[in-house]
Amino acid sequence: MLVANDRTKLTATYVNAIADAIFTVGGLAPILATRLTAGPPTLPLPVIVGVAIVCWMTSATLQYSARRYLKELQ
């Protein structure tokens, strides 16, 4: 039972790390880069915001799945 719990925790941690990376790289970095760069953005702002929203939603979905993995703990 302890091994199964540890596997579940590792899976949840892995999924959570992927969710964090997607949020940071796809959702946060483009917005910050657009705000902090002196020149005009290489993509139109609505595209950047759209990609960020998709990344935020993907991250939230993965976070939810990680929480569901943890419900399997015994």
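Mentor: Helices here are DSSP runs of H or I with at least four residues, numbered from the N terminus. The model is a predicted one. Helix 1 covers residues 2-36 and helix 2 covers residues 45-70. Their axes come within 8 Å and cross at roughly 165°. Angles over 145 degrees count as roughly antiparallel, and helix 1 and helix 2 are therefore roughly antiparallel to each other. The crossing of the two is left-handed. In the contact of helix 1 with helix 2, 20 residues are nonpolar, 9 are polar and 2 are charged.

On the surface, a nonpolar patch is formed by Phe-23, Leu-28, Leu-32, Leu-36, Leu-45, Val-49, Ile-53, Trp-56 and Met-57. Together these residues have about 830 Å² of accessible area. At least two residues of the patch come from each of helix 1 and helix 2. Helix 2 gives the most, with 5 residues; Val-49, a member of the patch, is found in helix 2.

Notes
Residues are numbered from 1 along each chain as its sequence is written. This is a predicted model: local features need pLDDT of at least 70, side-chain atom pairs count only at pLDDT 80 or more; totals for chains, interfaces and linings use all residues. Side-chain values use heavy atoms; hydrogens and water are left out. Axes are lines fitted to C-alpha atoms, for helices over the stretch in contact, and angles run from 0 to 180 degrees between N-to-C directions. Angles under 35 degrees count as roughly parallel, over 145 as roughly antiparallel, 65 to 115 as roughly perpendicular and the rest as oblique. A crossing is left-handed if the near helix is turned anticlockwise from the far one by less than a right angle, and right-handed if clockwise. Ala, Val, Leu, Ile, Met, Phe, Trp, Tyr, Cys and Pro count as nonpolar, Asp, Glu, Lys and Arg as charged, and the others, Gly among them, as polar. Patches are made of residues with over 30% relative accessible area and no salt bridge: like charges are joined within 9 Å, nonpolar side chains (Val, Leu, Ile, Met, Phe, Trp, Tyr) within 5 Å. Accessible areas come from the Shrake-Rupley method with a 1.4 Å probe; for residues, only the protein chains shown count as cover. A salt bridge is a side-chain nitrogen of Lys or Arg within 4 Å of a carboxyl oxygen of Asp or Glu.
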